[in-house]
Amino acid sequence: MNPGTFEAIDERLVSTLDDLLEQPSLEPGIVVNALFNRLVTAVLSVPESEAETVLAALPPSRSPAVFRSVASAGEHALERVWADRIAHSPDPGAAFARFPYRENYRLLVEMELEAVRRQGTVPRHVLLLGSGPLPLTALCLADQGIAVHCVDHDAEAIRLSAAAFGRLGAVGVTFEHAEASAATPPHPADLVLLAGLVGSDDAAKAAVLDKAVTALAAGGLVLARSARGLRTLLYPQVGPQALAGLDVVAEANPETDAPGTDVINSAVLARAN
């Protein structure tokens with residue numbers, strides 16, 4: 001990419017963020033959807049090898065943390081609206097079929113499970129920390145016969161997700177309203193999956209994982225969703241401090257493990273010492 005291209009991407013990123021900050025609500029709608037699509041398209045247009053140039057040119061008032069805050073709020077609003085829509089629809093299956101990011105989650109979970117299985121782990125019980133109002137990850141795992149225990153600190157998120165999953169007839173998915181560090185799953189977990197938005201920095205993620213590893217079955221894995229390159233404008237990157245006390249065994253990167261897709265998150269896999 002030439003310098004002019006980098007400048008154009010920075011301008012597009014900042015102008016899109018500014019437009020999102022001006023919205024009275026980040027709930028899904030024609031304008032908000034278009035703005036988030038524009039943001040994601042700009043993020044995915046820059047390969048990881050060239051992301052630092054773009055990130056370095058962002059104005060201090062539009063730091064990656066500001067982008068992530070807006071992206072997090074938008075994701076939560078999107079899931080909240082769709083969970084409520086599914087729960088109250090006369091045809092919840094048809095309503096769920098219209099959710100715009102189903103395929104993205106399917107591809108993400110497929111990438112993660114392949115990385116987990118390469119480590120010799122075939123998960124039967126997953127502890128999902130930071131499940132949110134509409135945990136598509138849990139549905140993707142349940143479709144493969146994997147039991148999932150969803151945990152979120154937000155009581156409304158648990159209420160909405162339980163109601164939506166009840167209407168969808170999801171089997172093998174349980175819910176718990178608790179802090180991620182205080183989860184009490186019904187079974188030892190073959191895999192503890194830390195959602196990308198749990199913990200805004202490495203120290204916060206480490207505090208959660210320090211407790212969560214006690215829920216692991218013998219030989220179980222921790223999978224922490226992360227981000228690389230310009231994708232760190234949407235999700236925080238998991239650094240070494242977040243996994244202190246764990247042995248990192250692998251990383252799944254969408255640029256190499258899910259090429260040609262719109263998968264955002266990477267994933268770091270680790271084992272307890």
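Tutor: What follows goes from the chain as a whole to its cores, its cavity and one of its pockets.

Student: Before that, what kind of model is this?

Tutor: It is a predicted model, and the values we discuss are computed from it.

Student: OK, how many helices and strands are there in the protein chain?

Tutor: The protein chain has 10 helices and 7 strands. Its radius of gyration is 18 Å, close to the 19 Å that the globule rule gives for 273 residues, so the chain is as compact as a globular protein of that length. Along the principal axes, the C-alpha atoms fill a box of roughly 55 × 50 × 30 Å.

Student: And what share of the residues is buried?

Tutor: Buried residues account for 48% of the 273.

Student: Which residues touch the most other members in the largest nonpolar core?

Tutor: Those are Leu134 and Leu269, in a core of 41 residues, and helix 6, spanning residues 102-118, provides the largest share of this core with 8 residues. Another core, of 26 residues, lies apart from it and includes Ile9, Leu17, Ala71 and Leu233.

Student: What does Leu269 touch, leaving out residues up to four places away in sequence?

Tutor: Among the residues that Leu269 touches are Ala115 and Val116, the run Leu221, Val222 and Leu223, and the run Asp247, Val248, Val249 and Ala250.

Student: Switching to voids, how many cavities of 30 Å³ or more are there?

Tutor: There is 1, and the volume of the largest cavity is about 30 Å³. Helix 6, helix 7, strand 4 (189-194) and strand 5 (216-226) each give two or more residues to its lining, with helix 6 contributing the largest share, 4 residues. By class, the lining has 7 nonpolar, 1 polar and 2 charged residues, the residues including Glu112, Thr137, Leu191 and Arg225.

Student: What about the second largest pocket, how much space lies in there?

Tutor: About 230 Å³ lies in the second largest pocket, whose lining has 6 nonpolar, 1 polar and 5 charged residues. Helix 6 gives the most to this lining, with 5 residues, and helix 7 (136-142) also supplies at least two. Among the lining residues are Phe96, Arg102, Glu103, Arg106, Asp143 and Leu168.

Student: Where does Val109 come in?

Tutor: Val109 lines the second largest pocket, and it also lines the largest cavity.

Terms used. Residues are numbered from 1 along each chain as its sequence is written. This is a predicted model: local features need pLDDT of at least 70, side-chain atom pairs count only at pLDDT 80 or more; totals for chains, interfaces and linings use all residues. Side-chain values use heavy atoms; hydrogens and water are left out. A nonpolar core is a set of buried Ala, Val, Leu, Ile, Met, Phe, Trp, Tyr and Cys residues joined through side-chain atoms within 4.5 Å. Buried means under 20% relative accessible area, exposed over 50%, partly exposed in between (1.4 Å probe, protein chains only). Contact means heavy atoms within 4.5 Å. On a 1 Å grid over the protein atoms alone, a cavity is a set of points where a 1.4 Å probe fits but cannot get out, and a pocket is an open set with protein on both sides within 12 Å along at least five of seven lines; lining residues have an atom within 4 Å of a point. Grid points are joined across faces, edges and corners, and a volume is the space filled by probe spheres set on the points. Ala, Val, Leu, Ile, Met, Phe, Trp, Tyr, Cys and Pro count as nonpolar, Asp, Glu, Lys and Arg as charged, and the others, Gly among them, as polar. The radius of gyration is taken over C-alpha atoms; the globule rule is 2.2 Å times the number of residues to the power 0.38.
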